[in-house]
Amino acid sequence: QVQLVESGGGLVQPGGSLRLSCAASGRIFRVNAMGWYHQSPGKQRELVATITTTGRTNYADSVKGRFTISRDNAKNTVYLIMNTLKCEDTAVYYCHAAVRETWASNERDYWGQGTQVTVSS
């Protein structure tokens, strides 16, 4: 089994910054793509940003220029730096990882438990 543990959410004023972290642990042969998604009440979970093992990134249009995703492959950890936060960024943020547990196994999707980000004055 694989666990994803997130940290770094909280309450911040508009224009402020937060840094989210997510560490994968457990039975891991290789962690492929990692990313962050968010979900607001009454809405579907949406992509925020993803990053491959080689560092290629993809961002939602709404966060381009404000958020930065990065990863430490040695620690199986992904980060999300969120700057110039807006009220509409308020959501539960979920970490995602595509993991191969053994050299022979297929890739499986794993999700963190979610961390609340609230942007409010």
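In which strand does Leu80 lie? Leu80 belongs to strand 8, which spans residues 77–82; strands (E, at least two residues) and helices (H or I, at least four) are DSSP runs, numbered from the N terminus.

1. Basis of the note. The model is predicted, so local features need pLDDT of at least 70 and side-chain atom pairs count only at pLDDT 80 or more, while totals for chains, interfaces and linings use all residues. Residues are numbered from 1 along each chain as its sequence is written, and side-chain values use heavy atoms, with hydrogens and water left out.

2. Surroundings of Leu80. The relative accessible area of Leu80 is 0%, and the residue is therefore buried; the term buried stands for under 20% relative accessible area, exposed for over 50%, and partly exposed for the range in between (1.4 Å probe, protein chains only). Neighbours within four places in sequence being set aside, Leu80 is in contact with Leu18, Arg19, Leu20, Trp36, Val48, Ala49, Phe67, Thr68, Ile69 and Tyr93, where contact means heavy atoms within 4.5 Å. From Leu80 to Gly35 the C-alpha to C-alpha separation is 8.7 Å, although the two are 45 residues apart in sequence.

3. Nonpolar core. The largest nonpolar core comprises 30 residues, and Trp36, Leu80, Met82 and Tyr93 have the most contacts inside it. Such a core is a set of buried Ala, Val, Leu, Ile, Met, Phe, Trp, Tyr and Cys residues joined through side-chain atoms within 4.5 Å. Two or more residues each come from strand 1 (2–7), strand 3, strand 4, strand 5 (46–51), strand 7 (67–72), strand 8, strand 9 and strand 11 (115–119). Strand 9 gives the most to this core, with five residues. In soluble globular proteins, nonpolar side chains tend to be buried together.

4. Disulfide. One disulfide is found in a search of the whole structure, the criterion being a pair of cysteine sulfur atoms within 2.5 Å. The bond joins Cys22 to Cys95, with an S to S distance of 2.1 Å. The link of Cys22 and Cys95 is left-handed, at -80° about the S-S bond. Cys22 lies in strand 3 (residues 18–26) and Cys95 in strand 9 (residues 91–100), so the pair ties together parts that are 73 residues apart in sequence. Cys22 is buried, at 0% relative accessible area, and Cys95 is likewise buried, at 0%. Cys87, at 42% relative accessibility, counts as partly exposed.

5. Aromatic pair. Rings of Phe, Tyr and Trp (its six-membered ring) pair if their centres lie within 6.5 Å; planes under 30 degrees apart count as stacked, over 60 as edge-to-face, and the rest as tilted. Tyr37 and Trp111 form the pair, which is edge-to-face with 5.1 Å centre to centre and 70° between the planes. Because Tyr37 lies in strand 4 (residues 30–39) and Trp111 in strand 10 (residues 108–111), the pair ties together parts that are 74 residues apart in sequence. Tyr37 counts as buried, at 17% relative accessibility, whereas Trp111 counts as partly exposed, at 37%.

6. Arg45 over two rings. Arg45 lies over the face of Tyr94, 3.6 Å from the ring centre. The charged end of Arg45 also sits over the ring of Trp111, at 4.8 Å from its centre. A charge is assigned to this position if NZ of Lys or CZ of Arg is within 6 Å of the ring centre and within 35 degrees of the ring normal.

7. Salt bridges. Three salt bridges are found in the whole structure, each requiring a side-chain nitrogen of Lys or Arg within 4 Å of a carboxyl oxygen of Asp or Glu.

   - Asp89 is bridged to Arg66, with the closest N and O atoms 2.8 Å apart. Asp89 lies in the loop between strand 8 and strand 9 and Arg66 in the loop between strand 6 (57–59) and strand 7, so the pair ties together parts that are 23 residues apart in sequence. Both Asp89 and Arg66 are buried.
   - Asp61 is bridged to Lys64, with the closest N and O atoms 3.1 Å apart. Asp61 counts as exposed, at 65% relative accessibility.
   - Glu101 is bridged to Arg108, with the closest N and O atoms 3.4 Å apart. Glu101 counts as buried, at 14% relative accessibility, whereas Arg108 is partly exposed, with a relative accessible area of 45%.

8. Asn32. Asn32 is placed in strand 4 and is buried, with a relative accessible area of 17%. Apart from its neighbours within four places in sequence, Asn32 is in contact with Thr53, Arg71, Ala98, Arg100 and Glu107.
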